[in-house]
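Colleague: I have not seen this one before. Can you walk me through it?
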Amino acid sequence: MSAVFGGGGPELSEQDGIGIPDALQRLWTPHRMSYIRGENKPSESDREVCPFCRVPDLDDSDGLVIARGELVYAVLNLYPYNPGHLMVLPYRHIPDYTDLTPEETVELAEFTQRAMRVVRRAAAPHGFNIGMNQGTVAGAGIAAHLHQHVVPRWGGDANFMPVVAHTKVLPQLLGETRDLLAGAWAEHP
């Protein structure tokens, strides 16, 4: 770790509080709160602000587009689970798998197969997670526009931060969390 940070490692500070010490360092990523809160996520009727509808109008490199088909396209995930995490999407703004036409269904499947082949050649993953989350309650980050994830996986790629680096990734600073909860507590005695 020290080589990555150019010296003796990151500067750490302890904070008093309640809990049992777990020997893990915390990596704060407060910039991710806008993603977690769903800021700027389109509603089902909000096609104009849908990032998946805007991407095809961008230059491929600016939009992170991997390939374009007649009815679907492949794009890198802006918030990847792993390197090479991409998505296959229809150009049409539809929320549900059952809304695909037969032609879109075929091209989506063919693009998914091709994505796997391409990622295998480029990065030699040991496996893949492939799937789509239908609806917000099922975990869809942008439920209004259907998208299928293609996530390359390697043995040991999961949970490396706590296991190897003794670090947890947290999206909000403790002070901000405290202010949020304290404010809510005060509002609801």
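Modeller: A disulfide here means a pair of cysteine sulfur atoms within 2.5 Å. Keep that cut-off in mind, and note that this is a predicted model.

Colleague: Fine. How many disulfides does a search of the whole structure find?

Modeller: The search finds zero.

Colleague: Switching topic. How many residues does helix H4 have?

Modeller: H4 has 22, covering residues 102-123. From first C-alpha to last it reaches 31 Å, close to the expected 32 Å. Just after H4, Ala124 takes a positive phi of about 50 degrees.

Colleague: Which residues of H4 are buried?

Modeller: Among them are Glu104, Glu107, Leu108 and Phe111. The buried residues of H4 pack against several strands, including S4 (86-90), S5 (127-131) and S6 (148-153).

Colleague: And S6, why is it called largely enclosed?

Modeller: Because five of its six residues are buried, the rest of the structure largely encloses S6.

Colleague: In what sense does S6 pair with S4 and with S5?

Modeller: S4 and S6 pair in the antiparallel sense over three bridges, and Leu86 has Val150 in S6 as its bridge partner. S5 and S6 also pair in the antiparallel sense, over five bridges. There, Phe128 has Pro152 of S6 as its bridge partner.

Note on methods:
Residues numbered from 1 in each chain as written. Predicted model: local features only at pLDDT ≥ 70, side-chain atom pairs only at ≥ 80, totals over all residues. Heavy atoms only, no water. Helix = DSSP H or I, 4+ residues; strand = E, 2+ residues; numbered from the N terminus. Expected span 1.5 Å × (residues − 1). Buried < 20%, exposed > 50% of the residue type's maximum accessible area, 1.4 Å probe, protein only. Contact = heavy atoms within 4.5 Å. Pairing = 2+ DSSP bridges.
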